[in-house]
Amino acid sequence: MSNREQRTLTVPEGVAGERIDSALTRVLGLSRTAVVKLLEDGDITTGGKPMPKSDRVAAGQVIEVLMPAPINSDPIPLTPIEGLSIIYDDSDIVVIDKPVGCAAHPSPGWTGPTVVGALMAAGYTISTTGPAERQGIVHRLDVGTSGLMIVAKSDKAFHVLKDAFRNRTVDKVYHALVQGHMDPTSGTIDAPIDRHPKEDHRFAVVATGKESITHYEVIEFYRGVSMVKIELETGRTHQIRVHFSALHHPLVGDTTYGADPVLGKSLGMSRPWLHAAELHFAHPITGQALNFEAPYPADLTRSLALLSDAVLP
């Protein structure tokens, strides 16, 4: 334990009123999972008493944190990933087509491959700005989501891209197959999202959650399902999955958010039918307009073929 640092911090105005887990994730630069573990272990205290993760912080409140051991003591596993495609590469950024089954970056509890580890294994230099385990990562895709991701190679690109995502100047287009026929066929879902009040691994539409805005348009109707083009104005965790589930149109294969497992099985889907299909943004250094598209991977293409042939429940 000698390599763990005891840190005293005063809660800034910017996070006053937030839950302790959310506030410290922002203030300390740790993952939320890491902050929750510190809370569960009693390593975060105020006035000498351990804080529960449901506590909300007040401006000026003094909090003591026994920081986790530096992650650099365990180097990022350099694991090549089969199926990871390089779409674009220069001295500042690399754009990839991420396959299913790999995380964006290392995190507690995840032992599988990561985008950061795969790129480093392939000899790419990644920006070291930000928390050590998230270096170069300016936005994320879930382990179970395929498609386009940008990774920063230079520190300047990292900062510019983080600001671009924060200011919503990056256009992210997803395709999703959702249950039922969407009516209306286009619209905007504006519903705040936060952690599910009872199930910590899920998110939900919550009145006190963070602003979350999703625009959608039906591309095609199939028997019992809709192919939807989605543009995200905000980038909350599980945003697309939560929003469409809340409308009673969960993504095909997304049993975590209420999808019909029989339908998913009939289409060979073992993950949510969701693909990051397009990215449009200004190059962080040159300002050049960049536009990328990624085709559907094999499992999604196969499910569409089955959709045309099979008798669905």
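This is a predicted model: local features need pLDDT of at least 70, side-chain atom pairs count only at pLDDT 80 or more; totals for chains, interfaces and linings use all residues.
Visitor: How do strands 5 and 6 pair?

Guide: Antiparallel, over 4 bridges, with a hairpin of 3 residues joining them. Strands (E, at least two residues) and helices (H or I, at least four) are DSSP runs numbered from the N terminus.

Visitor: What about strand 7?

Guide: Strand 7 (residues 146–152) runs antiparallel to strand 6, with 6 bridges. There, Met 149 stands opposite Ile 96.

Visitor: Is strand 6 enclosed or open?

Guide: Largely enclosed by the rest of the structure, because 6 of its 6 residues are buried (under 20% relative accessible area; exposed is over 50%, partly exposed in between, 1.4 Å probe, protein chains only). Ile 93, Val 95 and Asp 97 cover one side, and Val 94, Ile 96 and Lys 98 the other.

Visitor: New topic: how many aromatic pairs?

Guide: There are 4. Tyr 88 and Phe 292 have ring centres 5.5 Å apart and planes at 50 degrees, so they're tilted. (Phe, Tyr and Trp rings, six-membered for Trp, pair with centres within 6.5 Å; planes under 30 degrees are stacked, over 60 edge-to-face, the rest tilted.)

Visitor: How far apart in the chain are Tyr 88 and Phe 292?

Guide: 204 residues: Tyr 88 is in strand 5, Phe 292 in strand 15. With Phe 281, they form one aromatic cluster.

Definitions and conventions: Residues are numbered from 1 along each chain as its sequence is written. Side-chain values use heavy atoms; hydrogens and water are left out. Two strands pair if DSSP finds at least two bridges between them.
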